[in-house]
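Please consider the structure shown below together with its sequence. This briefing treats its disulfides, one of its sheets and a single residue in turn.

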Amino acid sequence: QVQLKESGGGLVQPGQSLRLSCAASGFTSNDYAIAWFRQAPGKEREAVSCISSSSVGVNYYIGSVRGRFSVRRDDYLNTVNLQMNSLKPEDTGMYYCARDVSGRTCEHPQWMRPTQYGTWGPGTMVTVSS
């Protein structure tokens, strides 16, 4: 069964770091694009980053996290990690990882659309507060 599960969320103070993991099962995750989304209470789900399949090998980020967040794969563990540094209160939200169907979604502007992804994890909560 194809599944994704996020972990690593928690409560941190502004300026601190957190690392989220997206564990894949039932498929080889580096054959696909994996995107991270987040959703704050009362707001729309927002794309954060996208890592393409390993054959394409490119990462994308939204402007508000560029330079602070980085995404990378751990192929041995079949996971995708999101390293979040210099966290701000506006980074607070439920974080989700999602899988596309082609491995090439990151190379198109529509990578930020949730409808491009068919498999989602249940989410992990990140709270940044002093």
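Which pattern do the disulfides of the protein follow, with bonded cysteines counted along the chain? The pattern is 1-3, 2-4. The model is a predicted one, in which local features need pLDDT of at least 70 and side-chain atom pairs count only at pLDDT 80 or more, while totals for chains, interfaces and linings use all residues. Residues are numbered from 1 along each chain as its sequence is written, and side-chain values use heavy atoms, with hydrogens and water left out.

**Disulfides**

- A disulfide is a covalent bond between the sulfur atoms of two cysteines.
- Two disulfides are found in a search of the whole structure, where the term denotes a pair of cysteine sulfur atoms within 2.5 Å.
- Cysteine 22 is joined to cysteine 97, with an S to S distance of 2.1 Å. The torsion about this S-S bond is about 75 degrees, so the disulfide is right-handed.
- Because cysteine 22 lies in strand β3 (residues 18-25) and cysteine 97 in strand β9 (residues 93-99), the pair ties together parts that are 75 residues apart in sequence. Strands (E, at least two residues) are DSSP runs, numbered from the N terminus.
- Both cysteine 22 and cysteine 97 are buried, that is, under 20% relative accessible area with a 1.4 Å probe and protein chains only.
- Cysteine 50 is joined to cysteine 106, with an S to S distance of 2.0 Å. Here the torsion about the S-S bond is about -75 degrees, so the disulfide is left-handed.
- Cysteine 50 lies in strand β5 (residues 46-51) and cysteine 106 in the loop between β9 and β10 (119-120), so this pair ties together parts that are 56 residues apart in sequence.
- Cysteine 50 is buried at a relative accessible area of 0%, and cysteine 106 counts as buried at 1%.

**An open sheet**

- Four strands form an open sheet in the order β1-β3-β8-β7, with antiparallel pairing; two strands pair if DSSP finds at least two bridges between them.
- β1 (3-7) and β7 (69-74) stand at the edges with a single partner strand each, so one side of each is left without a neighbour in the sheet.
- β3 pairs with strand β8 (residues 79-84) in the antiparallel sense over six bridges, and alanine 23 stands opposite threonine 79 in β8.

**Threonine 124**

- Threonine 124 is found in strand β11 (residues 124-128) and is buried, with a relative accessible area of 10%.
- The side chain of threonine 124 reaches the backbone nitrogen of glycine 9 at 3.1 Å.

Definitions and conventions: Buried means under 20% relative accessible area, exposed over 50%, partly exposed in between (1.4 Å probe, protein chains only). A polar contact is a pair of N or O atoms within 3.5 Å; within protein, one must be able to donate a hydrogen and the other to accept it, and residues adjacent in sequence count only if both atoms are side-chain atoms.
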